[in-house]
Amino acid sequence: MSGSDDTRLLVEISHMYYDDQLTQLQIAKKMNMSRSLVSKLLNKARAEGIVEITVRDDMVHSYRNIESRLKDIFGLQEVILIDTENSHFPRRRVALEAGRYLARRFPSIHYAAVSAGRMTKEIAVNFSSTAPFSNLVFVPMSGGLGEERWEVQANTVCEYFAHHCGAGSVQLHAPIVVDSQEARDMLMKQFFIRDVLEKARKADIAIVGIGSSLQYFELKESYLHGLDKNDDEIKECIKGDISYNYFDESGKTVDCCWNRQLMALTLDELWHIPEVVCAASEEEKAESIFIAMRESLFTTLVTTAVIGKKLLHMYSKEKQQKRI
């Protein structure tokens, strides 16, 4: 083979691999050669400068400082910030990055607890991996939300994850809330509920979204059918939620009928899970994220660069106010 023919082959195989996204095995079959030869030719293409691989460090370097500061200030295991400034689908961008992070974590995980929500659903339906996680089991952290919200309830999100991961899942056959605290206490003792939530408590990792206070009254009206005489006071207290546990300014569970009658892992139980991955993309949730992060309600954060900057601004502002 002449030098020009050799170069042409290297270019052709490189285009197939890097541009057309064919695997080495697919290229081998197409070119009638062994996979090991394809690998050698790809290495040769890089060695001869036909293929140049550049790590675009400049694309993330501007956020590294913010990520490091947030990790140091709040004692987080990991912070991943995504540039969504020109994206029409910021939730999907954040979900894809969260999925990539989880794919690195799943090989060592047995139980993964999952909260309901649009973000966890987005992560699940967009998750992809080259290998199945056959030892992994996804466990819901809360009961069902009914037919109107079935796509985002924890049971359904667990099924999405299991399907895309080649993993298993279990179902929690319980409503999101019940009519009284007494009913909740009784149902929590039932084996088919207790067993699932015990698996969630023993999870190696939890995957959660985060909510603002805006959703509280909509859910309460839908599922508890009425208002409390203390609702105005409660409205002032609520700053956000994780897995439908509504928390206040100090990150503590708000004392209200919803929280008392909720069929889900509590914030205290969530706190004992070794790693809690929180993903969020909406800027209006920055305050909720800040409080939850400050009170160690999660250990890993995947969010937008805009929210990351807001979180640092909130920290600086809070620190300044404490000095006054």
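At 35% relative accessibility, Asp 185 counts as partly exposed, a label given to residues between the limits for buried (under 20% relative accessible area) and exposed (over 50%), with a 1.4 Å probe and protein chains only. The structure is a predicted model, so local features need pLDDT of at least 70 and side-chain atom pairs count only at pLDDT 80 or more, while totals for chains, interfaces and linings use all residues. Residues are numbered from 1 along each chain as its sequence is written, and side-chain values use heavy atoms, with hydrogens and water left out.

Asp 185 pairs up with Arg 184 in a salt bridge, their closest N and O atoms lying 3.6 Å apart. The term means a side-chain nitrogen of Lys or Arg within 4 Å of a carboxyl oxygen of Asp or Glu. Arg 184 itself is buried, at a relative accessible area of 16%. By this rule, the count comes to 18 salt bridges.

Two other pairs are worth a look. Glu 295 and Arg 294 form a salt bridge with closest N and O atoms 2.9 Å apart; Glu 295 is partly exposed at 28% relative accessible area, and Arg 294 is partly exposed too, at 22%. In the salt bridge between Glu 48 and Lys 44, the closest N and O atoms are 4.0 Å apart. Here Glu 48 is partly exposed, at 45%, and Lys 44 is also partly exposed, at 31%. Elsewhere, salt bridges link Arg 91, Arg 118, Glu 282 and Lys 285 in a network.

Then there is the inside. Helices here are DSSP runs (H or I, at least four residues), numbered from the N terminus.

H14 is mostly covered, with seven of its nine residues buried; among them are Ile 289, Phe 290 and Ile 291. Just after H14, Ser 296 takes a positive phi of about 60 degrees. Leaving aside neighbours within four places in sequence, Phe 298 is in contact (heavy atoms within 4.5 Å) with Leu 76, Val 276, Cys 278, Ile 289, Ala 292 and Met 293.

Definitions and conventions:
Helix = DSSP H or I, 4+ residues; strand = E, 2+ residues; numbered from the N terminus.
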